[in-house]
Amino acid sequence: MAESICRRVFKPKREPPCYDSHFFQCGEVIDPEKGSPIDEVLMVVMKAPKSYTREDVVEIHCHGGYLIVQKVLDLVRRHGARLAEPGEFTKRAFLNGRIDLTQAEAVVDLINAKTSASLEIANRQRRGVLCQEVMILKERLVEKLALIEAHIDFPDEEIDLISLEGMGKEFDQMVVMIRGWIGTYGEGKILRDGVSCAIVGKTNVGKSSLLNVLLNEDRAIVTAIAGTTRDVIEEVLNISEIPVRLMDTAGLRNTVDCVEREGVRRTKERVKTADLILLVLDGSRELDREDQEILDEVTNKKKVIVVNKRDLEPRFSVEDIRSRFQCDSVVPVSALMKEGIDDLKTAIHGAVIKGDVMSSAKSVIVANLRHKIALEKAEENLLVSRKGLEDKISLEFIAFEVRTALEALGEIVGETTTEEVLEHIFERFCIGK
């Protein structure tokens with residue numbers, strides 16, 4: 001179908017034309033009804049199974065202007081083509097067995113990658129690192145299930161009793177492996193998706209100035225008038241390979257101004273949902289009741305305390321703040337003089353990333369919630385199986401748990417995934433892909 005459409009709208013420059021697979025030829029896209037050329041293009045036919053989808057595919061490489069692309073699309077649609085659904089090419093590649101489901105999900109992660117670290121995580125998954133490890137684990141489990149079922153089917157036969165007795169230790173090893181993968185999820189998700197970081201504090205402590213200096217641009221309005229920031233301003237900053245969504249918020253205070261009051265309400269909402277709080281204090285003024293109320297409000301939140309205006313005479317001890325908040329970083333800065341900003345970025349990174357999940361290029365990094373949930377299911381089934389062996393319960397029950405663990409692992413790579421889950425995965429793609 002694709003090649004027949006191409007033959008109707010493409011006029012090659014060479015004679016005779018060549019439609020061999022993977023052969024690029026130059027020519028023009030012609031509207032056959034009008035006989036008028038639309039663009040000079042390169043056209044290539046990629047015949048199954050040597051294509052991205054393992055189906056016959058034709059690519060037309062035209063110039064990138066919006067009007068040209070639109071006219072070419074309109075032309076091929078008039079001759080029988082249709083627009084691809086979101087993620088349809090990748091979905092076809094998955095359904096035709098060219099890639100597994102983790103690799104399909106990696107495509108959208110590649111597209112959405114915001115930093116080199118998130119790109120590396122996506123590429124590991126695209127190369128099949130997670131799939132390979134999951135399949136190895138599945139093979140081990142299948143061997144154990146075969147042994148259990150052999151004991152069930154032939155109870156009077158002596159079928160490797162020693163292996164059955166040692167199976168519990170192997171289940172323990174598998175649980176340790178799965179827990180190791182699950183343990184990478186927190187930081188893997190941060191490296192892939194980033195963190196939301198709310199800059200909070202009372203009015204005129206320098207929140208907007210801090211946002212501007214972190215972004216290295218005048219993004220927020222800065223004045224000496226209290227309450228200048230009325231709404232939440234958001235920008236994304238790359239801090240040591242972590243996408244950090246900075247949110248400059250309205251100063252927290254009691255006010256009769258209805259607009260500013262709405263800004264304060266939105267600030268409190270951001271405080272509740274933010275992954276990290278940058279609590280800004282004015283080091284040139286003594287701490288007052290408003291500061292204390294804000295400190296109390298964010299006591300249980302992950303935070304970095306920023307003591308601004310260190311270029312001025314201090315009115316309280318930074319060490320006192322450190323002794324009070326021993327689990328949080330306290331960083332003196334001067335937003336005006338751009339001092340201490342590198343220390344602040346280091347503190348932000350340290351507050352959200354504790355380990356080094358990127359240490360090995362071959363290590364599994366779980367950054368997808370769907371994968372984490374499936375691994376947790378498999379872990380639970382293996383723990384139940386291990387307990388069943390200890391309690392010497394019927395092998396039929398243990399076999400059931402092992403099968404369920406295998407199904408959970410199969411969900412990760414797409415062997416036992418429902419159509420509803422597939423639709424949810426591929427609807428996140430842009431058109432085509």
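Biologist: Where is aspartate 31 found?
Modeller: Aspartate 31 sits in strand β2, residues 25–31; strands (E, at least two residues) and helices (H or I, at least four) are DSSP runs numbered from the N terminus. This is a predicted model, where local features need pLDDT of at least 70, side-chain atom pairs count only at pLDDT 80 or more, and totals for chains, interfaces and linings use all residues. Residues are numbered from 1 along each chain as its sequence is written, and side-chain values use heavy atoms, with hydrogens and water left out.
Biologist: Is aspartate 31 buried or exposed?
Modeller: Aspartate 31 is buried, because its relative accessible area is 6%. Buried means under 20%, exposed over 50%, partly exposed in between (1.4 Å probe, protein chains only).
Biologist: Which residues is aspartate 31 in contact with, leaving aside neighbours within four places in sequence?
Modeller: Ser36, Leu75 and Arg78, where contact means heavy atoms within 4.5 Å.
Biologist: New topic: what about leucine 73, where does it lie?
Modeller: Leucine 73 is in helix α2, residues 66–78. Leucine 73 counts as partly exposed because its relative accessibility is 33%.
Biologist: And the inside: how many residues has the largest nonpolar core?
Modeller: That core has 36 residues. A nonpolar core is a set of buried Ala, Val, Leu, Ile, Met, Phe, Trp, Tyr and Cys residues joined through side-chain atoms within 4.5 Å. Helix α14 (residues 341–352) gives the largest share of this core, 6 residues.
Biologist: Which residues have the most contacts inside it?
Modeller: Leu210, Leu278, Val304 and Leu344. There's also a second, separate core of 34 residues, including Leu141 and Ala408.
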